[in-house]
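Please take a moment to look over the model before reading on, and keep it in view while you follow the paragraphs below.

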Amino acid sequence: MISPGSHLARLPVYEPGRPIEEVARELGLDPARILKLASNENPLGPSPKAVAALEKASSGVHFYPDGNGFLLREALAKKHGLARGQVVLANGSNEIIEFLGHAFLAPGDEMVISQYAFAIYEIVARLFRAKVVEVPARAFGHDLDAMRAAITPRTRLVFVANPNNPTGTAVSAKALERFLRAMPESALAVVDEAYQEFLERPLDTPRFLARKPNVVVMRTFSKAQGLAGLRIGYGLAAPEVAVALQKVRQPFNANLLAQTAALAALGDKTHLRRTIRTVRAGRRFLQDAFRERNLGHVPSCANFVLVRVGNGKKVFEALLRLGVIVRPMDGYRLPEWIRVTVGRPAENKIFLKALDQVLGRKG
Ligand SMILES: *Cc1c(COP(=O)(O)O)cnc(C)c1O
């Protein structure tokens, strides 16, 4: 039998948050009674404006989408003060990570990441037979000085997620600026800003692109913008880097509905503001509750909280049986922790009640 490349032999298949329908089927539960707080989705759902645009666009899905993504790229370029040629659309910003691998990684090249980094970076490195250089975290966050020191002439990509998933930590604007300024020309700094909307003071990282051609900024519509199911994200890069990413892209990777809904979501500031307000309040509520219960947690700058519960896998499974889906963290070598997405107020209470029950605490 033909076998796949040897680099795939020990590469695990990525395990996403458990879908509601799957858990319902497996445990014989009513899907309507299952609460998913596992994938950092928007607790308020999609923007109503995006939903209206989707409904309108649905009768046109026999046409291919605009392969150049003109309207959405134009709107994103305007939003970030860049040229349209600097915007690369993707089937979720995860796809940008893959494009970076195609464009910049050859066997034996190095990728620098932080301990507790988003799992996809390492998966992509290994797909392209690159070497992963993992830099120990500092207080669960990126140690940018140590990451800078880990860059060698073989380094091609350096990933900084800000805020970081799964820890929720963020680096300061000053520290990031210093780090980006010091990037050697032989490597690309990739700043993954999937959760930047939730920062107290969002950074204007795209402005670095004017001065540093070796910076890529990743953004997504999956989290604060509430469009995870459509798969749409984008990269911002210097024109010559953007061209390389366009070359490795499949012609219609950003589908028609995704482009349409993303454009509409961009115009819905009200929904975004409500989302941010809900997440900040819910995050405070959960963190206060963890403190009250003496549960260690990492103060979060995103829409999820990493909390120490003892045996993370067991607690995850027990919560699952109560109809609450969270994320076990053993895959991130954090076996005592779970990651919970901030939900609506009533959802946060349901989660806490279930957690109390699982941990044997009177609610
Ligand atoms: C969720 C997430 C993404 C974005 O994923 P999409 O492919 O855009 O849905 C990227 N980076 C991090 C760190 C994330 O947590």
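Two strands are said to pair if DSSP finds at least two bridges between them, and the strands (E, at least two residues) and helices (H or I, at least four residues) are themselves DSSP runs, numbered from the N terminus. This is a predicted model, in which local features need pLDDT of at least 70 and side-chain atom pairs count only at pLDDT 80 or more, while totals for chains, interfaces and linings use all residues. Residues are numbered from 1 along each chain as its sequence is written, and side-chain values use heavy atoms, with hydrogens and water left out.

With these terms in hand, we can begin with a sheet. Strand β12 is joined by 2 bridges to strand β13 (residues 337-341), and these two strands run antiparallel; Arg327, for example, has Arg339 in β13 as its bridge partner. Both strands belong to an open sheet of 4 strands, with the order β9-β10-β13-β12 and antiparallel pairing. At its edges lie β9 (297-298) and β12 (327-328), each of which pairs on one side only.

The next topic is the interior. In soluble globular proteins, nonpolar side chains tend to be buried together. A nonpolar core is here a set of buried Ala, Val, Leu, Ile, Met, Phe, Trp, Tyr and Cys residues joined through side-chain atoms within 4.5 Å, where buried means under 20% relative accessible area, exposed means over 50%, and partly exposed is in between (1.4 Å probe, protein chains only). The largest such core has 42 residues, and Phe179 and Phe221 are those with the most contacts inside it. Helix α9 (residues 256-266) gives this core its largest share, 5 residues. Apart from it lies another core, of 38 residues, which includes Ile96, Ala130, Val190 and Ala237.

Contact means heavy atoms within 4.5 Å, and by this rule Phe179 touches Leu144, Met147, Arg148, Val158, Val160 and Ala189, if its neighbours within four places in sequence are left aside. Val215, which lies in strand β7 (residues 215-220), counts as buried because its relative accessibility is 0%. When residues up to four places away in sequence are not counted, the contacts of Val215 include Leu180, Leu188, Val191 and Leu236. Val191 is 24 residues away from Val215 along the chain, yet their C-alpha atoms are separated by 7.5 Å.

We now turn to the ligand. A backbone N or O atom of Ser93 lies 2.6 Å from an oxygen atom of the ligand, while polar side-chain atoms of Asn165 and of Tyr195 each lie 2.7 Å from a ligand oxygen atom.

Finally, some backbone details deserve attention. The peptide bond from Asn162 to Pro163 is cis, with omega near -5°, and the bond from Asn165 to Pro166 is cis as well, with omega near 20°. Pro163 is placed in the loop between β5 (155-161) and α7 (173-181), and Pro166 is placed in the loop between β5 and α7. Arg129, although not a glycine, has a positive phi of about 55°, and is found in the loop between α5 (119-127) and β4 (131-135); because its relative accessibility is 42%, Arg129 counts as partly exposed. Ala139 has a positive phi of about 50° without being a glycine, and with a relative accessible area of 68% Ala139 is exposed.

Note on methods: A polar contact is a pair of N or O atoms within 3.5 Å; within protein, one must be able to donate a hydrogen and the other to accept it, and residues adjacent in sequence count only if both atoms are side-chain atoms.
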